[in-house]
Structures are given as structure tokens and as C-alpha cells.
Amino acid sequence: MTKLEKTYVSSHLYEICVNLLLVTGIITFCLSIAPIAFALIFCLYALVAIWLCIIIILITVGLVFADHNNVLYKILERLWSGLTSFNFSMVESMQITGLPIITAITGVLLVIVFITTLANKSRYGKAKPIVFMIITLVFLIIAIFVLAMLNAGAK
Amino acid sequence: MKRLHLIVKSSSLLDFILINRENIRFRRNKDSKRIYEADIETDKDELKLSLDTFNPYLQSGWWIKMMFLFIISIFGIFDKRFRQRYIYRCEFTLHLTQDSNELTIIPCGKMDHVLDFQGNVKVDEIENRLEIDPRVKKRKVGMFFSKFGFILIAIAIVVLILVSTIK
């Protein structure tokens, strides 16, 4: 009896256990880092806010010092009116609906990266990275729908 | 005592290589991750190198083993795939002419020429081909329908449970 005959079932069981543990671990990890992801996204919003403030200051300075008949003045004027009439309530609603979805996407992307790494690890025969990808995409779609429904329910 | 330094340039072959009908323990090369090495010491001038003819479809209790792994791995999602459609028919005699010998095994992947060799060892080819077993072909089809049937049954059970819980 050769090694392959002896270890056929045990090697497959080992691989299944490793894969299951890894995927469970990644999902738990993604769920546990959800608050961090929220914090990161808030930081991103803060950065965008700072960037908007800088632009508004620059435009104001430009409006004060530019010649009113100048093309630059007209462009700045349009930008200013565009920014001041910007609907910030839209951003607020985006924060509520968008955050869990973004967190879910981040988590699923992590899963994809880990699973493709895992798929390349197999010694003999090849694992199925494409199948894993499709499954994770399906999970992603389900996660988005579930989160969106939960969010709508919470509102 | 003669020494044979065996180098393999494919990880997929490692479990199949047999020297005098016994498996060898390979170690990964320090410089290249895709190259594997093994050192064999022997008193004989000749060694038999062959590839394992193992195929999961030809082992005893193949259906039960495969279905068990399929169910345990949640429809085969978490299992590794065994792509061995063919059976190796490869046998060679290695003549160790020097005290320290080196042989590199290079897979060719052709039906009528599976392995190629490089090194200072004289290799006599007895067989070097891939074979398609009609039993494997037949059993593969049978396994496909078994798995498909099992998936259908599982879906039917899930739907029934969902319908009964909604009611």
C-alpha cells in the first residue's frame, strides 16, 4: 500500500478541516474588526470634510481678490454656488446605509484574498479558486441585501 | 555506499514518486520554492524509479469514500480537487555509475512522454506514458450523477423546511 492509498481520506479530511477553520476564523475576524472599519470610514469622511474646507477657503479668497469679469471668477462663483447648495442630508443618509455595506465589502474582500492564497497552497491536485470567488461573490450579494434590509427595518 | 541526489521540478509529482516501490521524503530547496530535493543512499548499483498508479476511482470503497468527503466538505466546496484523470504507467531503471549521482526529474505532461531526466545517471526507460482507464471514465460519470442527485435532495429538504416554517 502506497502513501497515497493510505492517506487519501485523512489528507482530504485534514484539508477540509483547515479550510473550514480558516474561513470561520476570517468571518469571525471580519465581524470583530467591524467597529474598526466604522472608525476608519469616519476618518475618511473627516478627511473629505477637511479637503472641502480647504477648497471653500481657497474659493473664498479667490472670490475676494479676483477680477469680477475674469473667467476664473466665473468658474469660482459656480463652484461656490455648487458647494453651498450641496445637499448634506444626502451624505448623512449615506452614512447610515453605506457603512455596514462598506464594512461587509471590506470583509468579503479579505475573505477573497485569504481564500485565493489558501487555494494556491494545495500540494497535489488544485483547489478551486474560481468556485471560491463565485461563492464569496454570492455571499457578498446576500450580505449586502441582508444589511440593506436590516437597515431599512431599523429606520 | 552510493548516493543519489534527486531533484524534482514539480510539487504535483512528489507523492507519486517511488524508489524501489517506496515513497521518498522530499524537502524544499532553500533557493527556489518550486524545486524539491531528496538524498538516497544505497549499496545497489541499480534503482527502480516509478510513479504511483494510484487513482481515487480505482481504490476499494471509492463511492462511499468520495461521497463521505463530498458531504463533509459541504458539497465539495472546502475539499481539494484530485485531478488525476489518468493513471501513470512510468517505470525506469537508474544505473548509479558514480559514488555521488545527481538526477533531475522534469515533468513533460505528454501522454506518451511523461517524464524527462537530466543528470549523470544512466536511465533505462521501461514505460513512460499516461493511460486512460475505462473504469475511471465510467465511475466519474456515476459519481457526477450521485453528487448531482445529492444536491437536489439537499435543496428539496431545505425548501421543505423553509415552507413548513413559514406556514
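A: In chain B, 71% of the contacts (heavy atoms within 4.5 Å) between residues at least 6 apart in sequence join residues at least 24 apart. This is a predicted model, in which local features need pLDDT of at least 70 and side-chain atom pairs count only at pLDDT 80 or more, while totals for chains, interfaces and linings use all residues; side-chain values use heavy atoms, with hydrogens and water left out. Residues are numbered from 1 along each chain as its sequence is written, with chains lettered from A and ligands numbered from 1 in the order in which they are written.

Chain B contains 2 helices and 10 strands (DSSP runs, H or I of at least four residues for helices and E of at least two for strands, numbered from the N terminus). Their order along the sequence is β-β-β-β-β-β-α-β-β-β-β-α. Of the 167 residues in chain B, 40% are buried (under 20% relative accessible area, with a 1.4 Å probe and protein chains only).

An α-helix has 3.6 residues a turn, so residues three or four places apart point the same way. Just after α1(B), Ile74(B) adopts a positive phi of about 55°.

Notes:
Buried < 20%, exposed > 50% of the residue type's maximum accessible area, 1.4 Å probe, protein only.
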